[in-house]
Amino acid sequence: MRVRARRSVSWVAGALAAGVLVVGAGGCSGRGAGEGEGGGPPKATAPTPDDTTPDRTTPGQGAAAAPGADARGVPLKAYATWGLAGPLAPAPAKPDRTPVLKPSGPPVVFDRVRTNDKVVFLTFDDGAEKDPQFVRMVGELKLPISMFLTDSVAGSDYGHFARLRDAGGGAIQNHTTGHANLRTLPYEGQRKQICDQQDRLEARFGTRPTLFRPPYGNYNDDTVRAAGSCGVKALVLWRESMQIHDMRYAEGDRLRSGDIVLAHFRGPDELKGSTITEMTARMLRRIQDQGFTVARLEDYL
Ligand SMILES: [Zn+2]
(Lines give C-alpha, C1' and ligand atoms only; values in the text may rest on other atoms or scores of the structure.)
Protein backbone atom coordinates (compact mmCIF):
# COMPACT_ATOMS: atom_id res chain seq x y z
CA MET A 1 0.00 0.00 0.00
CA ARG A 2 1.41 3.29 -0.98
CA VAL A 3 1.63 5.97 1.65
CA ARG A 4 0.22 9.30 0.73
CA ALA A 5 0.76 12.70 2.16
CA ARG A 6 -1.90 13.39 4.75
CA ARG A 7 -2.05 17.13 4.57
CA SER A 8 -5.66 16.88 3.53
CA VAL A 9 -8.72 18.23 5.21
CA SER A 10 -9.83 15.64 7.70
CA TRP A 11 -12.96 14.39 6.02
CA VAL A 12 -11.12 13.27 2.91
CA ALA A 13 -8.36 11.36 4.62
CA GLY A 14 -10.26 8.09 4.65
CA ALA A 15 -11.50 8.64 1.16
CA LEU A 16 -7.98 9.10 -0.11
CA ALA A 17 -6.82 5.90 1.45
CA ALA A 18 -9.73 4.08 -0.11
CA GLY A 19 -9.06 5.68 -3.46
CA VAL A 20 -5.51 4.48 -3.92
CA LEU A 21 -6.49 1.55 -6.08
CA VAL A 22 -8.64 3.69 -8.27
CA VAL A 23 -5.86 6.20 -8.66
CA GLY A 24 -3.47 3.48 -9.67
CA ALA A 25 -5.84 1.82 -12.05
CA GLY A 26 -7.35 4.87 -13.61
CA GLY A 27 -4.53 7.36 -13.71
CA CYS A 28 -2.79 8.83 -16.64
CA SER A 29 -1.14 5.58 -17.62
CA GLY A 30 -4.41 3.68 -17.87
CA ARG A 31 -5.01 2.74 -21.46
CA GLY A 32 -8.44 1.24 -21.37
CA ALA A 33 -7.58 -2.02 -19.70
CA GLY A 34 -10.55 -3.93 -18.46
CA GLU A 35 -12.91 -2.95 -21.20
CA GLY A 36 -15.58 -5.53 -21.68
CA GLU A 37 -18.91 -3.84 -21.60
CA GLY A 38 -21.51 -5.37 -23.84
CA GLY A 39 -23.36 -2.23 -24.80
CA GLY A 40 -22.64 -0.77 -28.18
CA PRO A 41 -21.22 2.66 -28.73
CA PRO A 42 -23.55 5.65 -28.79
CA LYS A 43 -24.69 6.98 -32.11
CA ALA A 44 -23.19 10.38 -31.58
CA THR A 45 -23.84 11.88 -34.94
CA ALA A 46 -21.79 14.93 -35.74
CA PRO A 47 -24.01 18.01 -35.69
CA THR A 48 -24.57 20.09 -38.76
CA PRO A 49 -22.46 23.24 -38.96
CA ASP A 50 -25.26 25.73 -38.46
CA ASP A 51 -25.54 26.48 -34.75
CA THR A 52 -21.96 26.67 -33.65
CA THR A 53 -21.81 29.95 -31.78
CA PRO A 54 -20.17 29.28 -28.41
CA ASP A 55 -22.30 30.20 -25.45
CA ARG A 56 -20.31 32.07 -22.84
CA THR A 57 -22.90 32.02 -20.10
CA THR A 58 -22.16 29.92 -17.08
CA PRO A 59 -23.96 26.63 -17.54
CA GLY A 60 -26.91 26.00 -15.32
CA GLN A 61 -26.69 29.32 -13.59
CA GLY A 62 -29.94 31.10 -14.12
CA ALA A 63 -30.31 30.29 -17.78
CA ALA A 64 -33.84 31.06 -18.89
CA ALA A 65 -35.64 28.22 -20.57
CA ALA A 66 -36.33 29.07 -24.18
CA PRO A 67 -38.82 27.21 -26.34
CA GLY A 68 -37.35 23.86 -27.20
CA ALA A 69 -34.67 24.21 -24.56
CA ASP A 70 -34.33 22.83 -21.05
CA ALA A 71 -33.69 24.63 -17.76
CA ARG A 72 -29.97 24.77 -18.55
CA GLY A 73 -30.71 26.63 -21.74
CA VAL A 74 -29.65 23.67 -23.85
CA PRO A 75 -31.79 22.84 -26.90
CA LEU A 76 -33.43 19.49 -26.29
CA LYS A 77 -32.28 18.30 -29.69
CA ALA A 78 -28.67 18.73 -28.59
CA TYR A 79 -28.98 15.90 -26.10
CA ALA A 80 -30.19 13.54 -28.82
CA THR A 81 -27.51 14.79 -31.17
CA TRP A 82 -24.81 13.81 -28.71
CA GLY A 83 -26.28 10.45 -27.77
CA LEU A 84 -28.05 11.21 -24.50
CA ALA A 85 -31.53 9.98 -23.70
CA GLY A 86 -32.66 13.24 -22.13
CA PRO A 87 -31.62 16.52 -20.56
CA LEU A 88 -29.10 16.90 -17.79
CA ALA A 89 -30.64 18.45 -14.69
CA PRO A 90 -29.50 21.99 -13.93
CA ALA A 91 -26.90 22.37 -11.25
CA PRO A 92 -28.20 24.36 -8.26
CA ALA A 93 -27.83 28.10 -8.79
CA LYS A 94 -26.62 28.36 -5.20
CA PRO A 95 -24.27 25.46 -4.48
CA ASP A 96 -24.48 23.65 -1.16
CA ARG A 97 -20.85 23.91 -0.21
CA THR A 98 -18.41 24.16 2.63
CA PRO A 99 -15.43 26.21 1.49
CA VAL A 100 -12.57 23.88 0.59
CA LEU A 101 -9.74 26.22 -0.34
CA LYS A 102 -7.89 28.11 2.37
CA PRO A 103 -6.68 31.69 1.92
CA SER A 104 -3.27 30.83 3.34
CA GLY A 105 -1.19 27.88 4.37
CA PRO A 106 -0.30 24.76 2.41
CA PRO A 107 -2.61 23.45 -0.31
CA VAL A 108 -5.37 21.06 0.67
CA VAL A 109 -5.72 17.66 -0.99
CA PHE A 110 -9.13 16.30 -1.92
CA ASP A 111 -10.83 13.80 -4.20
CA ARG A 112 -14.44 14.84 -3.65
CA VAL A 113 -16.35 17.84 -2.39
CA ARG A 114 -18.65 17.69 0.58
CA THR A 115 -22.10 18.68 -0.65
CA ASN A 116 -25.67 17.43 -0.54
CA ASP A 117 -26.29 18.51 -4.13
CA LYS A 118 -26.75 15.68 -6.59
CA VAL A 119 -23.76 16.80 -8.62
CA VAL A 120 -20.43 15.40 -9.74
CA PHE A 121 -17.52 17.17 -11.40
CA LEU A 122 -15.92 16.41 -14.76
CA THR A 123 -12.15 16.69 -15.04
CA PHE A 124 -10.10 16.00 -18.16
CA ASP A 125 -6.33 15.44 -18.07
CA ASP A 126 -3.19 15.81 -20.19
CA GLY A 127 -4.34 17.34 -23.49
CA ALA A 128 -3.08 15.14 -26.28
CA GLU A 129 -6.37 14.84 -28.18
CA LYS A 130 -7.68 18.05 -29.71
CA ASP A 131 -10.90 17.06 -31.44
CA PRO A 132 -12.91 20.06 -32.69
CA GLN A 133 -16.08 18.01 -32.33
CA PHE A 134 -15.50 17.93 -28.60
CA VAL A 135 -15.53 21.73 -28.51
CA ARG A 136 -18.91 21.62 -30.18
CA MET A 137 -20.21 19.00 -27.77
CA VAL A 138 -18.99 20.90 -24.72
CA GLY A 139 -20.53 24.12 -26.05
CA GLU A 140 -23.85 22.68 -27.12
CA LEU A 141 -24.34 20.71 -23.90
CA LYS A 142 -22.78 23.48 -21.73
CA LEU A 143 -20.40 21.16 -19.95
CA PRO A 144 -18.24 22.95 -17.36
CA ILE A 145 -15.13 20.78 -17.50
CA SER A 146 -11.99 21.38 -15.47
CA MET A 147 -8.94 20.78 -17.67
CA PHE A 148 -5.65 19.72 -16.11
CA LEU A 149 -3.13 20.43 -18.86
CA THR A 150 0.38 19.12 -19.38
CA ASP A 151 2.51 21.45 -21.46
CA SER A 152 4.37 18.73 -23.36
CA VAL A 153 1.17 17.41 -24.93
CA ALA A 154 -1.37 20.25 -24.69
CA GLY A 155 1.06 23.04 -25.53
CA SER A 156 1.02 22.43 -29.28
CA ASP A 157 -2.44 24.01 -29.42
CA TYR A 158 -3.52 25.76 -26.25
CA GLY A 159 -6.08 27.58 -28.36
CA HIS A 160 -8.12 24.39 -28.46
CA PHE A 161 -8.41 24.39 -24.69
CA ALA A 162 -9.25 28.08 -24.59
CA ARG A 163 -12.13 27.28 -26.91
CA LEU A 164 -13.25 24.43 -24.66
CA ARG A 165 -13.14 26.71 -21.64
CA ASP A 166 -15.12 29.40 -23.39
CA ALA A 167 -17.62 26.95 -24.85
CA GLY A 168 -18.56 25.23 -21.61
CA GLY A 169 -17.62 27.66 -18.87
CA GLY A 170 -14.93 25.40 -17.42
CA ALA A 171 -11.44 26.24 -16.22
CA ILE A 172 -7.78 25.61 -17.07
CA GLN A 173 -5.70 23.96 -14.33
CA ASN A 174 -2.18 22.59 -13.89
CA HIS A 175 -0.90 19.07 -14.64
CA THR A 176 2.89 19.78 -14.87
CA THR A 177 5.12 20.67 -17.79
CA GLY A 178 6.23 17.14 -18.61
CA HIS A 179 3.96 14.64 -16.84
CA ALA A 180 6.69 13.45 -14.48
CA ASN A 181 6.11 10.99 -11.69
CA LEU A 182 6.74 13.57 -9.02
CA ARG A 183 7.48 11.08 -6.28
CA THR A 184 10.71 10.25 -8.10
CA LEU A 185 11.93 13.86 -8.13
CA PRO A 186 13.57 15.99 -5.45
CA TYR A 187 11.85 19.14 -4.28
CA GLU A 188 13.47 21.44 -6.83
CA GLY A 189 12.63 19.12 -9.68
CA GLN A 190 9.03 18.94 -8.57
CA ARG A 191 8.88 22.67 -8.21
CA LYS A 192 10.09 23.14 -11.78
CA GLN A 193 7.45 20.74 -13.13
CA ILE A 194 4.66 22.49 -11.26
CA CYS A 195 5.68 26.12 -11.12
CA ASP A 196 6.93 26.44 -14.69
CA GLN A 197 3.50 25.23 -15.79
CA GLN A 198 1.81 27.76 -13.54
CA ASP A 199 3.78 30.46 -15.36
CA ARG A 200 3.07 29.10 -18.84
CA LEU A 201 -0.64 28.69 -18.23
CA GLU A 202 -0.93 32.15 -16.71
CA ALA A 203 0.94 33.68 -19.65
CA ARG A 204 -1.23 31.86 -22.17
CA PHE A 205 -4.67 32.00 -20.54
CA GLY A 206 -4.41 35.11 -18.40
CA THR A 207 -5.29 33.38 -15.16
CA ARG A 208 -2.97 31.62 -12.75
CA PRO A 209 -4.33 28.16 -11.93
CA THR A 210 -5.37 27.48 -8.36
CA LEU A 211 -5.70 23.71 -8.76
CA PHE A 212 -3.06 21.10 -9.51
CA ARG A 213 -3.33 17.41 -10.28
CA PRO A 214 -0.17 15.31 -9.89
CA PRO A 215 0.40 12.89 -12.77
CA TYR A 216 -0.71 9.33 -11.90
CA GLY A 217 -2.07 10.72 -8.63
CA ASN A 218 1.44 10.37 -7.20
CA TYR A 219 2.65 12.96 -4.75
CA ASN A 220 4.43 13.45 -1.44
CA ASP A 221 5.05 16.21 1.06
CA ASP A 222 7.50 17.93 -1.29
CA THR A 223 4.77 18.08 -3.94
CA VAL A 224 2.38 19.87 -1.63
CA ARG A 225 5.08 22.29 -0.52
CA ALA A 226 6.30 22.98 -4.06
CA ALA A 227 2.79 23.53 -5.36
CA GLY A 228 1.99 25.91 -2.54
CA SER A 229 5.12 27.92 -3.28
CA CYS A 230 3.78 29.00 -6.67
CA GLY A 231 0.17 29.70 -5.92
CA VAL A 232 -1.59 26.34 -6.00
CA LYS A 233 -4.41 26.14 -3.46
CA ALA A 234 -5.32 22.47 -3.79
CA LEU A 235 -4.20 19.12 -5.17
CA VAL A 236 -7.18 17.53 -6.87
CA LEU A 237 -7.42 13.74 -7.08
CA TRP A 238 -10.49 11.78 -8.12
CA ARG A 239 -13.04 9.22 -7.04
CA GLU A 240 -14.05 7.76 -10.38
CA SER A 241 -12.19 7.31 -13.63
CA MET A 242 -13.87 6.98 -17.00
CA GLN A 243 -12.45 4.33 -19.28
CA ILE A 244 -13.59 3.66 -22.83
CA HIS A 245 -16.90 2.11 -21.82
CA ASP A 246 -16.83 1.67 -18.07
CA MET A 247 -16.65 3.97 -15.13
CA ARG A 248 -14.45 2.73 -12.31
CA TYR A 249 -15.58 3.62 -8.83
CA ALA A 250 -13.60 4.24 -5.69
CA GLU A 251 -16.13 2.32 -3.65
CA GLY A 252 -18.83 -0.04 -4.81
CA ASP A 253 -20.54 0.76 -8.05
CA ARG A 254 -22.17 4.09 -7.40
CA LEU A 255 -21.42 7.77 -7.62
CA ARG A 256 -21.81 9.90 -4.55
CA SER A 257 -22.60 13.59 -4.29
CA GLY A 258 -19.54 15.72 -4.85
CA ASP A 259 -17.42 13.04 -6.50
CA ILE A 260 -14.70 14.12 -8.89
CA VAL A 261 -14.63 12.11 -12.11
CA LEU A 262 -11.41 11.72 -14.10
CA ALA A 263 -11.31 11.46 -17.88
CA HIS A 264 -8.57 12.11 -20.41
CA PHE A 265 -8.20 13.98 -23.67
CA ARG A 266 -7.76 10.84 -25.73
CA GLY A 267 -8.60 9.96 -29.28
CA PRO A 268 -9.49 6.81 -31.23
CA ASP A 269 -5.92 5.49 -31.14
CA GLU A 270 -6.11 5.24 -27.36
CA LEU A 271 -9.84 4.51 -27.10
CA LYS A 272 -9.94 1.46 -29.37
CA GLY A 273 -11.65 3.43 -32.09
CA SER A 274 -14.01 5.45 -29.95
CA THR A 275 -13.92 9.22 -30.09
CA ILE A 276 -13.69 11.49 -27.09
CA THR A 277 -17.26 12.62 -27.73
CA GLU A 278 -18.52 9.02 -27.63
CA MET A 279 -16.57 8.33 -24.44
CA THR A 280 -17.97 11.50 -22.89
CA ALA A 281 -21.52 10.57 -23.88
CA ARG A 282 -21.14 7.24 -22.09
CA MET A 283 -19.81 9.04 -19.04
CA LEU A 284 -22.73 11.45 -19.01
CA ARG A 285 -25.20 8.58 -19.30
CA ARG A 286 -23.65 6.89 -16.26
CA ILE A 287 -24.09 10.15 -14.39
CA GLN A 288 -27.66 10.67 -15.55
CA ASP A 289 -28.67 7.09 -14.90
CA GLN A 290 -27.69 7.48 -11.25
CA GLY A 291 -29.68 10.67 -10.79
CA PHE A 292 -26.77 13.11 -10.89
CA THR A 293 -25.87 16.08 -13.01
CA VAL A 294 -22.63 17.92 -13.67
CA ALA A 295 -21.52 21.13 -11.99
CA ARG A 296 -18.49 23.40 -12.20
CA LEU A 297 -15.89 22.20 -9.75
CA GLU A 298 -14.48 25.67 -9.14
CA ASP A 299 -17.93 26.90 -8.04
CA TYR A 300 -17.89 24.43 -5.14
CA LEU A 301 -14.48 25.27 -3.73
ZN1 LIG B 1 -2.01 12.82 -16.72
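**Exercise 1.** Find which residues of α4 meet which residues of α9, and work out how the two helices are oriented.

*Solution.* Begin with the contact itself, where two residues are in contact if their C-beta atoms, placed from the backbone, lie within 7 Å. On the α4 side, Gln133, Phe134 and Met137 take part, and they meet Ile276, Thr277 and Thr280 in α9. Next, sort these residues by kind, counting Ala, Val, Leu, Ile, Met, Phe, Trp, Tyr, Cys and Pro as nonpolar, Asp, Glu, Lys and Arg as charged, and the others, Gly among them, as polar. The contact of α4 with α9 then divides into three nonpolar, three polar and no charged residues. Now turn to the geometry, in which axes are lines fitted to C-alpha atoms, for helices over the stretch in contact, and angles run from 0 to 180 degrees between N-to-C directions. Helix α9 (residues 276–289) packs with α4 at an angle of about 30°, and their axes are 9 Å apart. Angles under 35 degrees count as roughly parallel, over 145 as roughly antiparallel, 65 to 115 as roughly perpendicular and the rest as oblique. Therefore α4 and α9 are roughly parallel to each other.

The model used throughout is predicted, and local features need pLDDT of at least 70, side-chain atom pairs count only at pLDDT 80 or more, while totals for chains, interfaces and linings use all residues. Residues are numbered from 1 along each chain as its sequence is written.

**Exercise 2.** Describe how α4 packs with α6, and state which residues make the contact.

*Solution.* The helices here (H or I, at least four residues) and the strands (E, at least two) are DSSP runs, numbered from the N terminus. Helix α4 covers residues 132–141 and helix α6 covers residues 158–168, and they pack at an angle of about 15° with their axes 7 Å apart. These two helices are therefore also roughly parallel to each other. Val135, Val138 and Gly139 of α4 make the contact with Arg163, Leu164, Ala167 and Gly168 of α6. By kind, the residues of this contact divide into four nonpolar, two polar and one charged.

**Exercise 3.** Decide how many of the residues of α4 are buried, and find what they pack against.

*Solution.* A residue is buried if 20 or more other C-beta atoms lie within 10 Å of its own, exposed if 12 or fewer, and partly exposed in between. Eight of the 10 residues of α4 are buried, so that the helix is mostly covered. Among them are Phe134, Arg136, Glu140 and Leu141. The buried residues of α4 pack against α3 (76–81), α6 and α9.

**Exercise 4.** Is phenylalanine 121 buried or exposed, and which residues is it in contact with?

*Solution.* First locate phenylalanine 121, which lies in strand β2 (residues 119–126). Because phenylalanine 121 has 27 C-beta neighbours inside 10 Å, it counts as buried. Leaving aside neighbours within four places in sequence, phenylalanine 121 is in contact with Ser146, Ile260, Val261, Ala295 and Leu297.

**Exercise 5.** Where is aspartate 246, and how exposed does it count as?

*Solution.* Aspartate 246 has its place in the loop between β7 (240–242) and β8 (247–249). It counts as partly exposed, because 17 C-beta neighbours lie inside 10 Å.
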